[in-house]
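Here is a short report on one protein model. It begins with the backbone, then turns to the cores and the helix packing.

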Amino acid sequence: MTRVLHVLEALGGGTARHLVDLVRHVPDVHQSVAVPPVRIGGVADPYAHGRLVGAGADVHLVEMRRSPVAPANARALRDLVRLCHAVKPDVIHGHASVGGALARVVGGIVRRPVVWTPHGVLVHPVATLVERSLTRLTSTVIALSPSEATLIAKLRLAPHGLIITIPNGVEADVDRTGVLDLRAHLGIPKDAPLVGTVARLVPQKAPEIYAQAWARVAAEHPDTHSVLIGQGSLAPEFDRMAAEIPRLHRIASVPDAGAVIDQLDVFVLTSRYEGAPYVPLEAMRGGVPVVLTDVVGSCDCVRHDDTGLLVPVDDPVALAAAINDLLHDTEKARRIAVAGQKHVAEHYSIDTMARLTGAVYADVVERNTKSSGRDR
């Protein structure tokens, strides 16, 4: 059985979700994970540790920090080398920026092949230089969307031959037993139209753009409410804006947002960049029409005006117009919802994601074995 060690500092949002799904669904692999006990410097998923254990992972707590130059990351490097000697992984799988960097350096030290999943590429000169310097330590890069694969190649973070695209997958259905009733929780009428988003309150997700757009929608639809599910560094700013905008609510956290998302009439995601977000897929699976910004990852989820709507980044006017369009034209909203639901069922299977990821592990192990034989 192949032994995989995952390294993830960004234990929150879609990255944590992705790791849990890999542990739960990739067949014939013994999965160990190295994650921080508490994420410092970024939004954390408070349920991630329990879900990883419940999925069957051997969880090892390693102090890591979001800042690449933090002293804790030097100690993490030492601890990860020791962990590799203990668990003897055949493959190390690094996730996101810090986890990906640590995994590749450790892989070079202990001479193990490393798979890297960026979970969203930050386009910044310094970040690009760092990632390029780690290319020689990378066996395979898994892009979570075709547009992310294109960006990785364009930035020369890996040669084309090392990049494979494996889209995120979602369960065909979800257990809704005991899920939160959003309207009851918010104290709004059962039949009130509800627009919403699930997003960390960080600059990447542009929550202020969501609030600005909602202010325009609220003026045109006085019976409609809006909810943002999420928390983060921009929460105080968002809450100040929400206090001035009618019927804009926030829920800090829901144990399984994917199970409540189908209670929305329109789902919105205002990201400035992505790798491949889960929440639009969950909304589409639940028959909810989606409005997304036209960025890497999100643009792969939908065909504009067919399985969803795409709007420019940082454009609250266009965003409000798209939401209003779906609220006014219920037949169009229904058509898009049906097409989106079918699209997710046909193209975003969690079993396919798991099978292809397992194949990547098998391939890098085989290549490493052949390379080791040649070295001898």
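## Backbone, cores and helix packing

Arg 247 sits in the loop between helix H9 and strand E10 (248-251). Helices (H or I, at least four residues) and strands (E, at least two) are DSSP runs, numbered from the N terminus. The phi of Arg 247 is near 60 degrees, a positive value in a residue other than glycine. Most residues other than glycine have a negative phi.

This is a predicted model: local features need pLDDT of at least 70, side-chain atom pairs count only at pLDDT 80 or more, and totals for chains, interfaces and linings use all residues. Residues are numbered from 1 along each chain as its sequence is written, and side-chain values use heavy atoms, with hydrogens and water left out.

Ala 96 also has a positive phi, of about 65 degrees, although it is not a glycine. Ala 96 lies in helix H4 (residues 96-110). Ala 96 is buried (under 20% relative accessible area, with exposed over 50% and partly exposed in between, using a 1.4 Å probe and protein chains only). Its relative accessible area is 10%.

Val 62 is found in the loop between strand E3 (58-61) and helix H3 (71-87). Val 62 is buried, with a relative accessible area of 5%. Leaving aside neighbours within four places in sequence, Val 62 is in contact with Ala 34, Val 35, Pro 36, Pro 37, Ala 76, Asp 79 and Leu 80. Contact means heavy atoms within 4.5 Å. Val 62 and Val 291 are 229 residues apart in sequence and 38 Å apart in space, C-alpha to C-alpha.

Now the cores. A nonpolar core is a set of buried Ala, Val, Leu, Ile, Met, Phe, Trp, Tyr and Cys residues joined through side-chain atoms within 4.5 Å. The largest has 47 residues, of which Ile 229, Leu 264, Phe 267, Leu 292 and Tyr 361 touch the most other members. Its elements supplying at least two residues each include strand E9 (225-229), strand E11 (266-269) and helix H14 (350-375). H14 gives the largest share of this core, 6 residues. Not counting residues up to four places away in sequence, Tyr 361 touches Val 4, His 6, Leu 22, Val 26, Val 29, Val 91, His 93 and Val 115. A second, separate core of 30 residues includes Ala 206, Ala 235, Ile 323 and Leu 327.

Axes are lines fitted to C-alpha atoms, for helices over the stretch in contact, and angles run from 0 to 180 degrees between N-to-C directions.

| Helix pair | Angle | Axis separation |
|---|---|---|
| H8 (residues 207-220) and H12 (residues 316-328) | about 45 degrees | 8 Å apart |
| H12 and H13 (residues 330-347) | about 100 degrees | 5 Å apart |
| H8 and H9 (residues 235-243) | roughly 5 degrees | within 10 Å |

Angles under 35 degrees count as roughly parallel, over 145 as roughly antiparallel, 65 to 115 as roughly perpendicular and the rest as oblique. H8 and H9 are therefore roughly parallel to each other. Their contact is made by Pro 207, Glu 208, Tyr 210, Ala 211 and Gln 212 of H8 and Glu 237, Phe 238 and Met 241 of H9.

At the H12 and H13 contact, Asp 325, Leu 326, Leu 327 and His 328 in H12 meet Thr 330, Lys 332, Ala 333 and Ile 336 in H13.
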